[in-house]
Amino acid sequence: MRPEPPPCGPSSRRAEAPTTAGARRAEAPTTRVTVVRAHDAPGPTLVVRVDRLPAGALALGGELTRALAATPHPRLNKIALFDPRTLHYRFVQALPDGSFDFRAGCGHSLLACVVADGRPGPVTVRAVTTGDTVLCEREPHHDAYTLSFLKAPDAPGTLPTGRPVDVLLGVPVSLVRYGNPYVFVDARQLDPGAMERQLLALRAEAAHRLGHAPASALPKIAAFAQGPDGLSVRALTVGGWHPRLALTGAAALAAAGAIGGTVVPAVRGPVRTPTGTVTVSAAHDRVRVHHKRAEVLESLELPWRVHATA
């Protein structure tokens, strides 16, 4: 699925919302979607079941722009296209400039698909964009899930450069591709007063080396610190600091810690973030992210353009 250039920027995207629901329905067919919020995510996910799209409908940039404009959630910038027949899922990230990134993954949005579809688990979802296979299991006695990325931490390709440590702008980092491409850097290598600026510069350099466009959402980047209470992490996301840590970031961190020679120490116990802890564990054949929760916020009927067919 390749992006179609969106017809407008971020400010006009919201202004395109219909004045009345009735007027919009007269112009185009609609589809029912679900808005789901994973508790540790920076914002909700718009879950679109592809089997419920109108006949002839696609999910290109123009359609997604109009769909986001028609929702009452101004910070909604994550879209999950889910096919419950095949359990395949494709993630789309809306970017601040009004465009879309079709190459990234999002574990919280994958979980949103499972919750929106009402599946108690266990259920195995295939992330089409990143190629990950993720097992979602309901935890006993908890309203939470454990997500297992079914790939060995040291599988071929986890280190995209083939090296456990690379030097970017004079700073040693580890580049890891597990769930999403990530850059991990020891916070001691950074100036606390300029950490965000330095992380953005390192991320841009890593994007160049890994073949991503400068405006892409990839690679992700996070700084970690090891102290007497264990590991703490602070990560950037699209638009600023992540409130906690992306689910794919937690998986990539654990994978990096399980590979000898990276800058990331072995991850043992909960990882501290600015707003709480994230629990991960690594085995020889998978990485698990524990205690993940998500809830349905609402269901909406949205307009969706139908493309003419021959």
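Reader: Is Cys 136 buried or exposed?
Author: Cys 136 is buried, with a relative accessible area of 0%. Keep in mind that this is a predicted model.

Reader: Okay, and which strand does Cys 136 lie in?
Author: Cys 136 is part of strand β7, residues 132–138.

Reader: What does Cys 136 touch, leaving out residues up to four places away in sequence?
Author: Its contacts are Leu 110, Val 114, Gly 121, Pro 122, Val 123, Tyr 145, Thr 146 and Leu 147. As for Ser 148, it sits 12 residues from Cys 136 along the chain, with 6.6 Å between the two C-alpha atoms.

Reader: Switching topic: how many residues does helix α5 have?
Author: Helix α5 has 16 residues, 195–210. From first C-alpha to last it reaches 22 Å, close to the 22 Å expected at 1.5 Å a residue.

Reader: Which residues of α5 are buried?
Author: Met 195, Leu 199, Leu 202, Arg 203, Ala 206, Ala 207 and Leu 210 are the buried ones in α5. They cover an arc of only 145° around the axis, so they end up on the same side of α5.

Reader: And what's exposed on the other side of α5?
Author: Arg 197 and His 208 are exposed there.

Reader: What do the buried residues of α5 pack against?
Author: Strands: β9 (166–168), β10 (171–178), β11 (180–186), β12 (220–227), β13 (230–237) and β14 (240–241).

Reader: What follows α5?
Author: Gly 211 does, and its phi is positive, near 85°.

Reader: You mentioned β11. Where does Pro 181 lie?
Author: Pro 181 lies in strand β11. Pro 181 counts as buried because its relative accessibility is 9%, and buried means under 20%.

Reader: What does Pro 181 touch, again skipping residues up to four places away in sequence?
Author: Pro 181 touches Val 176, Leu 210, His 212, Leu 218, Pro 219 and Lys 220. Leu 210 is also one of the buried residues of α5. Then there's Ala 104, which is 77 residues from Pro 181 in sequence, while their C-alpha atoms are 8.5 Å apart in space.

Reader: Which residues lie nearest the centre of the largest cavity?
Author: Out of 18 lining residues, Lys 78, Lys 220, Thr 237, His 242 and Ala 246 lie nearest the centre. β13 gives the largest share of the lining, 3 residues. The elements that each supply at least two lining residues are β4 (88–94), α4 (107–116), β11, β13 and α6.

Reader: Last one, zooming out: how many helices and strands are in the chain?
Author: The chain has 6 helices and 18 strands. Of its 310 residues, 53% are buried. Among contacts with a separation of 6 or more, 67% are between residues 24 or more positions apart.

Conventions
Residues numbered from 1 in each chain as written. Predicted model: local features only at pLDDT ≥ 70, side-chain atom pairs only at ≥ 80, totals over all residues. Heavy atoms only, no water. Helix = DSSP H or I, 4+ residues; strand = E, 2+ residues; numbered from the N terminus. Expected span 1.5 Å × (residues − 1). Buried < 20%, exposed > 50% of the residue type's maximum accessible area, 1.4 Å probe, protein only. Arc of directions from axis to C-beta. Contact = heavy atoms within 4.5 Å. 1 Å grid on protein atoms, 1.4 Å probe; cavity = no way out; pocket = protein on both sides within 12 Å on 5 of 7 lines; lining within 4 Å.
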